[in-house]
Amino acid sequence: MILDQTRAIVLEKGYQRTTIAEIAHRAGVGKGAVYLDFPSKEALLDALLVRSARSLTQAVRDRVDSSAQPVSLSAVYRFGLEALLGDELMLACYLADDGALGGYLREKGPQRYRPRMEWLADYVAELSRAGLLRADLDPAAASLVMSVFAVGLANTSATVGALSGEQLGQAVELMAELVATGWEVGGAGDPVAAHRAHSRLLDLLAEQIGEA
């Protein structure tokens, strides 16, 4: 109930204008009851984004598992975008100009996002061995490019002003096209190895999210 009311208020007013007092009022509890489970407004946002991240990860997994063809890296980008566009909270945090998501990433970055760069490098290397990506592609450099793009996109609104959903979609779609034309190779590759690479990355993400 508390998380649901927090989500509703954030969507209605934005993160910066959301207060613990209003959350407690709408949830029908005292402020102390909110603080009992969530020591700060930031902790509430963390819990909400973790819940959304679980949903997004599962949505991508479902798309990967249901595909009869080997899933490319650019396709995974598109799967993630479609899941993001379907989540009102995640989309609002990306598009808002109050810097909430950028601040969240800066706070959580070292312990949560640095490991993901290493997982992405291993993922790229596996996809290369599976024949879906160029053999000469540097996994560490590719991981850095993808990470910089993701973090930069999350901070864009706070820097240049609010984005629209269309702008966000176009940016991710263009990144997917760049990956498809510059990194991917023709041919089906090894579908079993490719699926194993996708599953391993998603398992690591799900495990980390579950520990949050």
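E12 and R26 form a salt bridge whose closest N and O atoms are 3.0 Å apart, a salt bridge being a side-chain nitrogen of Lys or Arg within 4 Å of a carboxyl oxygen of Asp or Glu. The pair links distant parts of the chain, since E12 lies in helix α1 (residues 2-13) and R26 in helix α2 (residues 20-27), 14 residues apart; helices here are DSSP runs of H or I with at least four residues, numbered from the N terminus. This is a predicted model, in which local features need pLDDT of at least 70 and side-chain atom pairs count only at pLDDT 80 or more, whereas totals for chains, interfaces and linings use all residues. Residues are numbered from 1 along each chain as its sequence is written, and side-chain values use heavy atoms, with hydrogens and water left out.

**Salt bridges**

- A search of the whole structure finds 9 salt bridges, and E12, K13, E22 and R26 are linked in a network of such bridges.
- R26 also pairs with E22, the closest N and O atoms being 2.9 Å apart, and these two residues are 4 residues apart in helix α2, which means that about one helical turn separates them.
- E22 is buried, with a relative accessible area of 16%, while R26 counts as partly exposed at 30% relative accessibility; buried means under 20% relative accessible area, exposed over 50%, and partly exposed in between, with a 1.4 Å probe and protein chains only.
- D136 forms a salt bridge with R134, in which the closest N and O atoms are 2.8 Å apart; D136 counts as exposed at 58% relative accessibility, and R134 as partly exposed at 30%.

**The largest pocket**

- About 1,300 Å³ of space lies in the largest pocket, where a pocket is, on a 1 Å grid over the protein atoms alone, an open set of points where a 1.4 Å probe fits, with protein on both sides within 12 Å along at least five of seven lines, and lining residues have an atom within 4 Å of a point.
- Of the 40 residues that line this pocket, Y94, Y113, R116, A150 and L205 are the closest to its centre.
- Helices α4 (41-66), α5 (73-85), α6 (88-95), α7 (100-129), α8 (139-160) and α10 (191-211) each supply at least two lining residues, and the largest share, 10 residues, comes from α7.
- By class, the lining has 33 nonpolar, 4 polar and 3 charged residues, with Ala, Val, Leu, Ile, Met, Phe, Trp, Tyr, Cys and Pro counted as nonpolar, Asp, Glu, Lys and Arg as charged, and the others, Gly among them, as polar.

**The largest nonpolar core**

- Of the 59 residues in the largest nonpolar core, L44, L73, Y123, L127, M146, L168 and W183 touch the most other members; such a core is a set of buried Ala, Val, Leu, Ile, Met, Phe, Trp, Tyr and Cys residues joined through side-chain atoms within 4.5 Å.
- The largest share of this core, 8 residues, comes from α5.
- Not counting residues up to four places away in sequence, M146 touches L73, Y77, L120, V124, M175 and W183, contact meaning heavy atoms within 4.5 Å.

- S128 is found in helix α7 and counts as buried at 16% relative accessibility; leaving aside its neighbours within four places in sequence, S128 is in contact with L133 and R134.
- G169, in helix α9 (residues 165-182), is buried, with a relative accessible area of 12%, and G169 and L84 are 85 residues apart in sequence and 9.5 Å apart in space, C-alpha to C-alpha.

Key:
Points joined across faces, edges and corners; volume = space filled by probe spheres on them.
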